[in-house]
Amino acid sequence: EMDILKNATAASLNDGRYDRLSDDYYRQFRKLVNGSKYQMLADFYEDRDKHIDSAIAAAIKAHPGARFAILTGADHRGPLIKYLKTTFGSDVILVPVP
């Protein structure tokens, strides 16, 4: 993860590698802390992504046909892409930065 970030470009952060690593990290983190006093941190991370996802989806729904530039932290990109594809299907075209 750190190797990718140290040499990151817009294109490399949009190729899916970091998304997969980040997804795996948060999944493993949840397993590790589930049922412990730290579970609330994993819950917070999940709720934070849901909030980001739903806020962006609401903006898209409020402006049908509009173009959006979405800037987000690298850890949020993967969940957001999944959410938008699930929510909008082919009604929204996602164009990553080259």
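Excluding residues up to four places away in sequence, proline 96 touches Asn14 and Arg77, a contact being heavy atoms within 4.5 Å. Residues are numbered from 1 along each chain as its sequence is written, and side-chain values use heavy atoms, with hydrogens and water left out. The model is predicted: local features need pLDDT of at least 70, side-chain atom pairs count only at pLDDT 80 or more, and totals for chains, interfaces and linings use all residues. Proline 96 lies in the segment after H5. Its relative accessible area of 44% makes proline 96 partly exposed; buried denotes under 20%, exposed over 50%, and partly exposed the range in between (1.4 Å probe, protein chains only). Arginine 27 is 69 residues from proline 96 along the chain, and the two C-alpha atoms are separated by 25 Å.

The chain comprises five helices and zero strands, where helices (H or I, at least four residues) and strands (E, at least two) are DSSP runs numbered from the N terminus. The order of elements from the N terminus is accordingly α-α-α-α-α. Along the principal axes, the C-alpha atoms fill a box of roughly 45 × 30 × 20 Å. Of the 98 residues, 20% count as buried. Contacts between residues at least 6 apart in sequence include 53% that join residues at least 24 apart. The accessible surface amounts to about 7100 Å², and 59% of this area belongs to carbon and sulfur atoms; areas come from the Shrake-Rupley method with a 1.4 Å probe, and for residues only the protein chains shown count as cover. The mean positions of the 14 positive and 13 negative charges are 1 Å apart. In that count Lys and Arg are positive and Asp and Glu negative, while His and the chain ends are not counted; each charge is placed at NZ of Lys, CZ of Arg, CG of Asp or CD of Glu.

The largest nonpolar core has six residues, namely Ile56, Ala57, Ile60, Leu80, Leu84 and Phe88. Helix H4 (39-62) and helix H5 (74-88) are the elements that give two or more residues to this core. A nonpolar core is a set of buried Ala, Val, Leu, Ile, Met, Phe, Trp, Tyr and Cys residues joined through side-chain atoms within 4.5 Å. With residues up to four places away in sequence set aside, leucine 80 touches Asp53, Ile56, Ile70 and Thr72.

Aspartate 19 belongs to helix H3 (residues 17-33) and counts as buried because its relative accessibility is 14%. Its contacts, again without residues up to four places away in sequence, are Leu13, Ala74, Arg77 and Gly78. Aspartate 47, in helix H4, is partly exposed, with a relative accessible area of 47%. Lysine 37 is ten residues from aspartate 47 in sequence and 17 Å away in space, C-alpha to C-alpha.

Five aromatic pairs are found in a search of the whole structure. Tyrosine 25 and tyrosine 26 form an edge-to-face pair, because their ring centres are 5.1 Å apart and their planes lie at 85°. Rings of Phe, Tyr and Trp (its six-membered ring) pair if their centres lie within 6.5 Å; planes under 30 degrees apart count as stacked, over 60 as edge-to-face and the rest as tilted. Tyrosine 25 is partly exposed at 42% relative accessibility. One aromatic cluster is formed by Tyr25, Tyr26, Phe29, Phe44 and Tyr45.
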